[in-house]
Amino acid sequence: MTLFGYSLEQIFLVVLIFRGLATLLIMFFGDAIEGIGEGLPIFNPSVILSFITLMSAAGFILEKLAFFPSVWNIVAACIIGAILSALFYLFVLVPLRSADVSLAYTEESLGGQLGKVIVPIPKDGFGEVVIETTSGMISKRATGFDNEAIDYDTTVLVVEVKEGTLFVRSYDKKFL
């Protein structure tokens with residue numbers, strides 16, 4: 001069967017090649033069009049491009065093998081592309097979107113954390129506290145929450161964070 005004067009095999013191959021070029025564009029400009037797929041997952045560019053890729057690859061293979069008439073090959077290629085891109089969305093994109101792993105931290109996230117004093121905190125003054133997080137060790141300026149002095153190597157609890165300064169209290173394990 002021919003379409004626009006070309007065999008379906010050629011059309012599927014050309015679509016597959018242009019889809020490869022579109023992948024390069026998505027790699028460079030993907031952040032600019034990322035918001036398109038937020039409302040409806042079917043409009044997600046990754047899902048659309050995966051459907052086109054899988055459909056054209058399945059169509060090319062089915063045309064090459066030529067077991068069925070071309071009309072059935074197109075229908076089968078569309079079904080295969082839809083099923084595989086749905087699986088791609090459900091088992092790859094959804095878990096990646098819900099995986100909220102980041103090495104960054106916010107100052108608000110430091111509240112309630114335990115740390116160690118590495119520079120003694122004088123009364124009405126500043127020292128330094130180190131906090132161990134999933135992203136590594138964070139060293140921050142600290143002061144006593146009630147303006148108390150806190151000695152070196154004391155375990156402290158971060159009560160609040162204001163303007164980059166940790167307000168801490170000595171932490172006693174017997175309150176657990």
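Colleague: Which residues does the UniProt annotation "transmembrane region" cover?

Modeller: The unreviewed UniProt entry gives 12-30, 42-62 and 74-94. Such annotations may be inferred rather than shown by experiment, and the positions follow the numbering used here, with feature names shortened. This is a predicted model, where local features need pLDDT of at least 70, side-chain atom pairs count only at pLDDT 80 or more, and totals for chains, interfaces and linings use all residues. Residues are numbered from 1 along each chain as its sequence is written, and side-chain values use heavy atoms, with hydrogens and water left out.

Colleague: What makes residues 74-94 a helix or strand span?

Modeller: The span is 100% helix and 0% strand. Its end C-alpha atoms lie 28 Å apart. Helices (H or I, at least four residues) and strands (E, at least two) are DSSP runs, numbered from the N terminus.

Colleague: Why is Asp146 with Arg169 called a salt bridge?

Modeller: The term needs a side-chain nitrogen of Lys or Arg within 4 Å of a carboxyl oxygen of Asp or Glu. The closest N and O atoms of Asp146 and Arg169 are 3.1 Å apart, so the pair qualifies. Asp146 sits in the loop between strands E5 (136-144) and E6 (155-162), and Arg169 in strand E7 (residues 165-170), 23 residues apart.

Colleague: How many salt bridges does the whole structure hold?

Modeller: The search finds two. Lys162 also forms one with Glu160, the closest N and O atoms being 4.0 Å apart. Lys162 is partly exposed at 47%. Glu160 is partly exposed at 27%.

Colleague: What makes E3 and E4 a pair?

Modeller: Two strands pair if DSSP finds at least two bridges between them. Three bridges join E3 (residues 114-119) to E4 (residues 127-133), so they pair. The two run antiparallel. Lys116 stands opposite Val130 in E4.

Colleague: Which strands close into the barrel, and in what order?

Modeller: Five strands close in the order E3-E4-E5-E7-E6, with mixed pairing.

Notes:
Buried < 20%, exposed > 50% of the residue type's maximum accessible area, 1.4 Å probe, protein only.
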